[in-house]
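Have the sequence and the 3D view open as you read.

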Amino acid sequence: MSSNRVGVVTGANKGIGFAIVRQLALQYPKSPLNSGKLLIYLTARDKDRGEAAVHELNDDTQLKNAKALAADGGLSEIKYHALDITDSKSVEAFATFLHQEHGDGVDFVINNAGIALVGFDSNVVNTTLDCNYYKTLEASHTFLPLVKPSGRLINVASMAGKLNKYSDEIKNRFLASKTVGDITSIMQDFASAVEAGKEKEAGFPSAAYAVSKAGLIGGTKALALAEQKKGSTVLINSCCPGFVKTDMTKGAGHKTPDEGAQTPVMLALEDLKGQTGLFWSNKKPDEW
């Protein structure tokens, strides 16, 4: 299938990522982005799980009834590609592949891959920050040159990353940050405070996931600002899918994965009126 449009979803073999791919295929035909065929890369670390997810989507009853996929005469095709965002070589290899296969660029990248570990100690904090903050922003920087001038980069964050859990000093540091380096400095201070057992005294919550997502929201805002200063027209936003019933929440959420997919899919497919550098929830900009 020759594709007019190309999209990428990371961490997409299950949960919200899987639902995002599904909803992209369902919603693309009626979206402003529709100008022909859409190729969606469902990426995941594990080849067997990734290919099984593609097979499941190709057999999905709702997709078949909607004639959403190319095999049924629809506009979308879903392909698996290996990607581990915690492995820089994997990210570079995928970026090289995209450049070779799609010289005109891709239309959107949705960085959904992330982790939520049980417990709280220095090891949990460092592992969580590495994936959810450092490596997600590294992937963002790597993929950005491949995104078309009219394209989108969406980082899936969380309401857990809102700033109501911090001291006024730390909150103000987040809000005053202008560069990714500014946000990274806060992440480093958090990790150091945890190592010393004094994160609360330093103004941070004892919550690795929450701080990593605050960093991702701030880092995404800073990245959007930097791209604007360079004259880029790529729209770069972060979002919260909501409290979704997934393995990550151990089934405790109140949204289905398909409901959780709505905001990231909207940010990929709909007319955003040029809005960039924002944090979104329930399909609208939200206060950080």
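## A strand on the inside

Start with strand S4, residues 106-111: six of its six residues are buried, so the rest of the structure largely encloses this strand. Keep in mind that you're looking at a predicted model.

## Who sits beside S4?

Which strands pair with S4? One is strand S1 (residues 5-9), which runs parallel to S4 and is joined to it by three bridges. Another is strand S5 (residues 147-156), also parallel to S4, with five bridges between them.

In S1, Val 8 stands opposite Val 109 of S4, while in S5 the bridge partner of Val 109 is Leu 153.

How do you get from S4 to S5? Helix H5 (residues 122-143) belongs here too: S4, H5 and S5 form a right-handed β-α-β unit.

## The nonpolar cores

Now for the greasy bits. The largest nonpolar core has 37 residues, and Leu 24, Leu 42 and Ile 110 have the most contacts inside it. Among the elements giving it two or more residues are helix H1 (15-27), strand S2 (38-44), S4 and S5. H1 supplies the largest share, with seven residues.

Zoom in on Leu 42 and, leaving out residues up to four places away in sequence, you'll find that it touches several others, including Val 9, Val 21, Leu 57, Ile 78 and Tyr 80.

There's also a second, separate core of 27 residues, which includes Tyr 166, Val 211, Ile 217 and Trp 288.

Technical notes: Residues numbered from 1 in each chain as written. Predicted model: local features only at pLDDT ≥ 70, side-chain atom pairs only at ≥ 80, totals over all residues. Heavy atoms only, no water. Buried < 20%, exposed > 50% of the residue type's maximum accessible area, 1.4 Å probe, protein only. Helix = DSSP H or I, 4+ residues; strand = E, 2+ residues; numbered from the N terminus. Pairing = 2+ DSSP bridges. Right-handed = clockwise from strand over helix to strand, strands pointing away. Core = buried A, V, L, I, M, F, W, Y, C linked by side-chain atoms within 4.5 Å. Contact = heavy atoms within 4.5 Å.
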